[in-house]
Amino acid sequence: MVSRQWDGDDRSNGCPSPVIHNTPGEGGSVHIAVTDCGHGRHTHSVEIMKAHEGVKALLTEAEAERRCAIGRGDAMRHALRRRLQSGELVSPYTNLYARSAYWNRLTVEERSLHTIRALAIRRPRWVFAGLSAVCLYGLEHAYDLHDGTIHIASRNGSHKRDDKRLRRLYMSHTGLLWQSSGIRITPPARTLIDCAVHPFAKALAIYDSALRRCLVDVEEIRSLALRTNCDDQAVERLLRYASPQSENGGESLMRGLLISQGFAEPQLQTEFDNPDNPGAAYRVDFCWKLADGRIIVVEYDGMAKYADTSNPNRASLQQKLDYERRREVHLREQNVSGVTHIVYEDLIRPERLERKLLAAGVPKIR
């Protein structure tokens with residue numbers, strides 16, 4: 001933290017560069033005196049934080065291990081807290097620290113993982129659960145599910161001394177535990193059951209990802225849900241629609257939203273003939289084959305991913321655009337009535353998604 005006291009005019013008014021005199025003090029203090037500047041004598045006093053080799057080494061080691069630094073010993077904790085107060089550090093959890101500049105470059109998922117890895121060192125017997133386990137499994141999920149909370153399995157309720165960011169998920173028995181890089185986590189089936197509390201479309205992305213990775217099968221989840229105190233209706237609904245055919249989290253989120261809005265469930269990854277290359281069929285993200293013979297195709301993020309006109313490789317961009325145009329012509333020749341492209345902005349504004357799907361002719365069943 002830097003604090004200044006100004007006596008007189010500053011350099012912006014034509015004062016020469018100041019002469020610096022170091023004087024000792026807590027945290028270090030620098031006094032700057034300027035004389036004969038033509039604007040009168042004035043003194044600048046600047047307080048700065050002394051370099052602390054122990055803190056520097058602690059943070060460097062933590063960053064190399066992709067985790068938060070852990071304060072150990074009264075002197076180190078004091079030094080870390082002082083830097084937290086100055087804004088040099090952040091603390092996502094009690095006695096865990098990271099450089100502010102480093103932390104700001106991380107995604108919310110990476111921040112959760114940094115906190116979890118440090119807590120696993122401090123509490124090696126903890127079993128991480130829920131969204132924390134999802135991160136450790138590397139399952140795709142919506143980043144806006146993260147709010148800084150850490151989830152663990154527990155046979156007890158919350159403790160008075162718990163950090164406010166800790167949430168204990170009651171489990172009388174977790175079953176055979178899994179590990180990720182030595183960190184204990186709930187089994188995949190139990191993790192998915194606990195994630196059924198999230199909004200349907202966002203939970204569906206987690207379920208799809210787990211099935212796509214072959215971490216668990218539907219019957220294993222269903223069997224465990226029957227023996228678990230959980231929202232069994234939410235779990236069963238997710239199992240009804242979950243599919244390993246969904247290729248990424250964005251497609252899963254879109255499918256979950258359109259199902260929630262009452263649209264008919266689409267076929268996934270439907271193939272069509274490619275006259276230019278018969279051995280490489282066209283695959284479309286979502287397809288509806290209607291009783292009147294019409295075929296509706298919807299693509300997630302189709303043309304949008306090619307629309308960056310600032311890309312210097314314009315020739316490559318043009319090739320991709322030409323390919324998309326030929327592809328759409330070939331699809332129309334196979335009774336596809338139209339191809340509608342959905343982008344992420346449509347997903348975060350569900351009313352836009354609904355308007356696009358209705359305009360494309362996607363049927364609503366409720």
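Gln269 lies in strand 12 (residues 267–272), where strands (E, at least two residues) and helices (H or I, at least four) are DSSP runs numbered from the N terminus. This is a predicted model, in which local features need pLDDT of at least 70 and side-chain atom pairs count only at pLDDT 80 or more, whereas totals for chains, interfaces and linings use all residues. Residues are numbered from 1 along each chain as its sequence is written, and side-chain values use heavy atoms, with hydrogens and water left out.

**Positive phi values**

- Although Gln269 is not a glycine, its phi is positive, at about 50 degrees, and the residue counts as buried because its relative accessibility is 10% (buried is under 20% relative accessible area, exposed over 50%, partly exposed in between, with a 1.4 Å probe and protein chains only).
- Cys214, found in the loop between helix 7 (200–212) and helix 8, also has a positive phi, near 60 degrees, and counts as exposed at 66% relative accessibility.

**Largest pocket**

- The largest pocket has a volume of about 600 Å³, a volume being the space filled by probe spheres set on grid points joined across faces, edges and corners.
- A pocket is an open set of points on a 1 Å grid over the protein atoms alone, where a 1.4 Å probe fits, with protein on both sides within 12 Å along at least five of seven lines, and lining residues have an atom within 4 Å of a point.
- Of its 27 lining residues, Tyr170, Met171, Arg190, Asp194 and Thr228 are the closest to the centre of the largest pocket.
- At least two lining residues come from each of helix 5 (130–137), strand 9 (166–170), helix 6 (188–195) and helix 8 (218–226).
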